[in-house]
Amino acid sequence: YLAGLASLLIVGLGQALKGDGHKAVIFILAFYFCLPALVYTSLASSGPLFIIIFTLAIIAGLFLWLYNIFDAIFKS
């Protein structure tokens, strides 16, 4: 459960603590670089497209964060 707690605080840290560095890098890049890029893209758009892209980015971020915690606790 220590890996799950670490992933709760910092995305990818639990995988890094478990020794799965490749998966940790993927989670870190997706969460800290791809999602903000999607949010910035939504800010460049206007109207309903902004709401759609921004909502999808928030949902994807929450899903990725929760999956990251699940993966750190239950997968070996």
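A salt bridge is a side-chain nitrogen of Lys or Arg lying within 4 Å of a carboxyl oxygen of Asp or Glu. In this structure Asp20, Lys23 and Asp71 are joined in a network of such salt bridges. The structure is a predicted model, in which local features need pLDDT of at least 70, side-chain atom pairs count only at pLDDT 80 or more, and totals for chains, interfaces and linings use all residues. Residues are numbered from 1 along each chain as its sequence is written, and side-chain values use heavy atoms, with hydrogens and water left out.

**Overall architecture**

- The protein has 4 helices and 0 strands, where helices (H or I, at least four residues) and strands (E, at least two) are DSSP runs numbered from the N terminus.
- Along the sequence, the pattern reads α-α-α-α.
- Taken along the principal axes, the box filled by the C-alpha atoms is roughly 45 × 15 × 15 Å.
- The protein has 76 residues, of which 28% count as buried; buried means under 20% relative accessible area, exposed means over 50%, and partly exposed lies in between (1.4 Å probe, protein chains only).

**The salt-bridge network**

- The count of salt bridges comes to 2.
- One of them pairs lysine 23 with aspartate 20, whose closest N and O atoms are 3.7 Å apart.
- Lysine 23 counts as partly exposed because its relative accessibility is 26%, and aspartate 20 is likewise partly exposed, at 28%.
- Lysine 23 also forms a salt bridge with aspartate 71, and here the closest N and O atoms are 3.2 Å apart.
- Because aspartate 71 lies in helix α4 and lysine 23 in helix α3, this pair ties together parts that are 48 residues apart in sequence.
- Aspartate 71 is buried, since its relative accessible area is 2%.

**Packing of α1 against α4**

- Two packed helices are described by the angle between their axes and the distance between the axes.
- For α1 and helix α4 (residues 48-74), the angle is about 160° and the axes are 7 Å apart; axes are lines fitted to C-alpha atoms, for helices over the stretch in contact, and angles run from 0 to 180 degrees between N-to-C directions.
- This angle makes α1 roughly antiparallel to α4, a label used for angles over 145 degrees, whereas those under 35 count as roughly parallel, 65 to 115 as roughly perpendicular and the rest as oblique.
- Leucine 64 belongs to helix α4 and is buried, with a relative accessible area of 16%.
- From C-alpha to C-alpha, leucine 64 and isoleucine 10 are 12 Å apart in space, although 54 residues separate them in sequence.

**The nonpolar surface patch**

- A nonpolar patch of about 1200 Å² includes Leu2, Leu8, Ile10, Val25, Tyr32 and Phe33 among its residues; a patch is made of residues with over 30% relative accessible area and no salt bridge, with nonpolar side chains (Val, Leu, Ile, Met, Phe, Trp, Tyr) joined within 5 Å and like charges within 9 Å.
- Helices α1 (2-9), α2 (13-17) and α3 (21-44) each give two or more residues to this patch.
- The largest share, 5 residues, comes from α3.
- Leucine 8 is placed in helix α1 and counts as partly exposed, because its relative accessibility is 39%.

Technical notes. Areas by Shrake-Rupley, 256 points an atom, 1.4 Å probe, with all protein chains shown as cover.
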